[in-house]
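Me: I would like to learn how to read a few side-chain features in a model like this one. Could you take me through them slowly?

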Amino acid sequence: MQLYRSHVLVCGGTGCTASKSDKIITEFETQLENSKIQDEVKVVLTGCFGLCAEGPIVVVYPEGSMYTMVTVEDVKEIVEEHLVKGRLVKRLLHGEDGDNSDKSLDSADFFKKQLRIALRNCGVINPESIEEYIAFDGYKALGKVLTEMKPQEVIDTIKDSGLRGRGGGGFPTGIKWDFAAKQQNDQKYVCCNADEGDPGAFMDRSILEGDPHCLIEAMAIAGYAIGANQGYVYVRAEYPIAVNRLKIAIEDAKKYGLLGKDILGTDFEFDLEIRLGAGAFVCGEETALMTSIEGYRGEPRPRPPFPAVKGLWQKPTILNNVETYANIPQIILKGAQWFSEIGTEKSKGTKVFAVGGKINNTGLVEIPMGTTLREVVYEIGGGIPNGKKYKAAQTGGPSGGCIPASHLDTPVDYDSLIQLGSMMGSGGLIVMDEDTCMVDIAKFFLEFTVDESCGKCPPCRIGTKRMFEILERITGGKGEEGDVEKLEILAKNIKASALCGLGQTAPNPVISTLTYFRDEYTAHVKDRKCPAGVCKSMMQYVISTEPCKNCGICARQCPVDAISGDKKTPYVIDQEKCVKCGICMEKCPFKAIFKNV
Amino acid sequence: MKSIAELEEIRKKALEKVSLRSTNQEMRIVVGMATCGIAAGARPVMNAFVEELGKRNINTVSVVMTGCIGVCRLEPMVEIVDKEGNKVTYVNMTPEKAVRIVAEHIVNGRVCNDYTIGEADKK
């Protein structure tokens, strides 16, 4: 067996692959050969580290040095300096001062407050190697349940752990499994919802890309617990890397006898298949997802009967989210007690958030439930760029709501978010700064639901469209007296009457922005003003004569020739022609151009 | 795979290949690999450490490189650092010395006094 003194881990998640991490791997191999140390240093492809804003990411072990924003050209320097001479390439190290040389991975602010359970193998193992997964206790939990535990004991362990569904609703996982286990039927199914559709959320993708065997193991455990021998993973086709790695993982698991018949010498059998989603957001809803697996158009149906009673092909079925499954093997190995000690009273364990928007460390973070939003935004997330002020954070994507600055210290868990009028959702967290118009944000999310409404029930199909039209009117400067009230009535009725989760939660962004930022709606309607200066119909760009040096850059940059003037006459913007693109303001070297709201 | 025992077998084998990435290392072997160290033969010394640790299935010790420590006349130099940060510095290293250090110092906890910097300075 070949032993290496050093491992170079290169992130192969979607984000880093997009910034050429595959070419970085090839370059490392070439450079190692050039320096004749290819037998001493191993290059490993791995999953997402979470710090996507600074990708591509390369981590060198045993030092654990984390290099960020590595380019193909940097590879030569890392090989020659770090791997040949043992000198860290400080300019590429993560952290402002490049001084966290020893264990930069764990000591970085971004990782310090995190607790990685679902993501524990992401960025540690090679997702395409079943042996590396096994090395980190992979399939040990499956072995444990098959040989030491009765199905009911597995269910009780999950119940006692307090694990709740990570996909949005937060339903207790153990109870769901119990329902399905109690059904008498010749055939049952285990399904995984990997149809991650919330704008901005990508934790499921990262788990599939970084630790696909974890999902396979957990689904087999679920199959044993409820008495199912067949599983389906419903994953969206827009995740080619994730699909590919999952395929490799399923094939390897079959080769090793961890899927199929007589698993680990017991008489338990379980098989797994992938089903690709075609990009409809509604297929993330459980009944629509199962209809889609059956081969029909993905539309929801009324519940009850719940899937645990009549699911896929009318058979009892459990459906859990990827992140929920990712917690299962650890709970089996470390016990329900260990898991239930993490988090808050009613929300146990950790939650992965995809942090995006106006924040420095865009990426994936896994935190214990009950961590405050302030810690997420300012400590882990590194604060808001350009010294701007925090205005709100949107959680739960188009089904959730916003959390204003006054609630920054709320511990984040299922119940506290619902109390604030938002929801956990699948864990998208979009941070907004003072330059964000809340009416515009509500419009953005509503446009998404209008697009994605499947059209089966009228409240969602027609109601969300009407709400969107009103919002368009308001942001377009044509808001009418009573529009806000109309929005409220519509929101209430849609919530009460829509068929599935998509429609029932679609008005949430409007309701929550109305709760916390009603004054912005009023300003739009009554004063015809957008306080944040976002809604183009209500603002103007103007040149202030004082700082203006008559350089003429703005006039040359303007795409519609709306700026006129010369060395002697002051430059002015023709508001009739101006399309409000903002290029002039961006290009002005003297900051002489302002938004007039 | 037919049994749990077989799974455990694969796990143990695979663990050796990835233990480098675990953060709870008992000891670190730091090899001076600046120009002076490399010229004096530090690379075969480092490889000897890696090989010997592999032979003995020791996966709680990592071999890392460092720059010039400043006593170039005594290169190749190696420092063994334990969890508490206690250091022992070995000088004028050879691959043969490396094998003995693994056996005595790393495995049995007995410092090879005759190879240390203190001894070298007495001569």
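**Reading the side chains**

Reply: Ser206(A) counts as buried, at 1% relative accessibility, where buried means under 20% relative accessible area, exposed over 50% and partly exposed in between, with a 1.4 Å probe and protein chains only. This is a predicted model, in which local features need pLDDT of at least 70 and side-chain atom pairs count only at pLDDT 80 or more, while totals for chains, interfaces and linings use all residues. Residues are numbered from 1 along each chain as its sequence is written, chains are lettered from A and ligands numbered from 1 in the order in which they are written, and side-chain values use heavy atoms, with hydrogens and water left out.

Me: Which residues is Ser206(A) in contact with, leaving aside its neighbours within four places in sequence?

Reply: Contact means heavy atoms within 4.5 Å, and on that basis Ser206(A) is in contact with Cys48(A), Cys122(A), Asp211(A) and Leu364(A).

Me: How many disulfides does a search of the whole structure find?

Reply: A disulfide is a pair of cysteine sulfur atoms within 2.5 Å, and the search over all chains finds zero. Cys48(A) is in no disulfide, since the nearest cysteine sulfur, that of Cys52(A), is 3.7 Å away; Cys48(A) is also buried, with a relative accessible area of 7%.

Me: Where does the charged end of Arg205(A) sit?

Reply: A charge sits over a ring if NZ of Lys or CZ of Arg is within 6 Å of the ring centre and within 35 degrees of the ring normal. The charged end of Arg205(A) sits over the ring of Tyr239(A), 5.8 Å from its centre, and that of Lys97(B) sits over the ring of Tyr115(B), 4.9 Å from its centre.
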